[in-house]
Amino acid sequence: HTFCCSCFQKLPKQNGKFECPVDREKGDENKVFPDVKTKRKILQLKVKCKLHKAGCTTQTELQYIDKHMQECEYVEEGCPKECGHYLQRRKIKEHLENHCHYRIYSCRDCKQDMTFYHFKNTHEHSCGKAKVTCDLCKKQMLREKLGRHRSKGKTGDCPNVKIVCDYIKVGCIYECARQEMASHLQNGIHGHMQLLLTQQKEDYDKLQSFEAYQKLMKPEESFFWAIEKRSEAAKDGEKRAYVSRKF
């Protein structure tokens, strides 16, 4: 009689005795031994790869199937760069070169090397050498020049950026697109001159007041600051002035 190991272990036994389930012949457990000849025949049987349904066409002897599985190109493994993808061994090389988020990628604009993940999440939106379009005037330029182009100062040159009048310091608060400012300055000459004259008069009055104050000072005195009506001075109802040291 020949039994496989797992079937033999399931046979009912009593005092080391068992009965063949086919012909009811009695057997002694102590006389059972491994059938090396049959084992050798079984191990020499040709079998398909465990992953034949996945596409592997390898057929080998049963005794070599475990060794084959260690090398089989259809076994799924995690990406070596730990990007989270699982794929067949035969596809790993192509994945690392073209699809892995952590593959080395060279920016086509600045030629800097980085991971593809960093490029897509950060660099692609901040590379100074990339060409961008000003959303105000639709002019194309390098991203690193966009800030200066849209500056409201003298260095800016975007015609559609809103800027304030050059005479804002004397009171003109007019604001318009840069390309319209020349017209404003041309048409507003009279108004701007009035503002300049008003500012000049105010400055002159301040200067006159300061000169008059200087004449009241003693020759040996210097300038000082005087702050009146502080809340601390009002506690006792007296009027006080807080005066700094001379300078």
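Modeller: Let us begin with His 149, which is buried because its relative accessible area is 5%, below the 20% limit for that class. Please keep in mind that the model is predicted.

Biologist: In which helix is His 149 found, and which residues does His 149 touch?

Modeller: His 149 belongs to helix H6, residues 143-149. Leaving out residues up to four places away in sequence, His 149 touches Cys 134, Cys 137, Lys 139, Met 141, Gly 156, Asp 157, Cys 158 and Arg 178. With Asp 157 there is also a side-chain polar contact of 2.5 Å.

Biologist: Which residues of helix H4 are buried, and against what do they pack?

Modeller: In H4, residues 89-98, the buried residues are Arg 89, Ile 92 and His 95. Their arc around the axis is only 75°, which puts them on the same side of H4. These buried residues pack against helix H3 (65-71), strand E6 (76-78) and strand E7 (86-88).

Biologist: I turn now to pockets. How much space lies in the largest pocket, and which residues lie nearest its centre?

Modeller: Rolling a probe the size of a water molecule over the atoms shows where empty space is left. Here the largest pocket holds about 510 Å³. Its lining has 18 residues, with His 1, Thr 2, Phe 3, Val 32 and Phe 33 nearest the centre. Helix H1 (5-10) and strand E3 (26-28) each supply at least two lining residues. By class, the lining has 9 nonpolar, 4 polar and 5 charged residues.

Biologist: What volume and lining does the second largest pocket have?

Modeller: The second largest pocket has a volume of about 230 Å³. It is lined by 14 residues, and Lys 152, Gly 153, Lys 154, Ile 163 and Asp 166 lie nearest its centre. Strand E12 (162-164) and helix H7 (178-187) each supply at least two residues of this lining. The lining of the second largest pocket comprises 6 nonpolar, 2 polar and 6 charged residues.

Conventions:
Residues numbered from 1 in each chain as written. Predicted model: local features only at pLDDT ≥ 70, side-chain atom pairs only at ≥ 80, totals over all residues. Heavy atoms only, no water. Buried < 20%, exposed > 50% of the residue type's maximum accessible area, 1.4 Å probe, protein only. Helix = DSSP H or I, 4+ residues; strand = E, 2+ residues; numbered from the N terminus. Arc of directions from axis to C-beta. Contact = heavy atoms within 4.5 Å. Polar contact = N/O pair within 3.5 Å; in protein donor to acceptor, adjacent residues only side chain to side chain. 1 Å grid on protein atoms, 1.4 Å probe; cavity = no way out; pocket = protein on both sides within 12 Å on 5 of 7 lines; lining within 4 Å. Points joined across faces, edges and corners; volume = space filled by probe spheres on them. Nonpolar A, V, L, I, M, F, W, Y, C, P; charged D, E, K, R; others polar.
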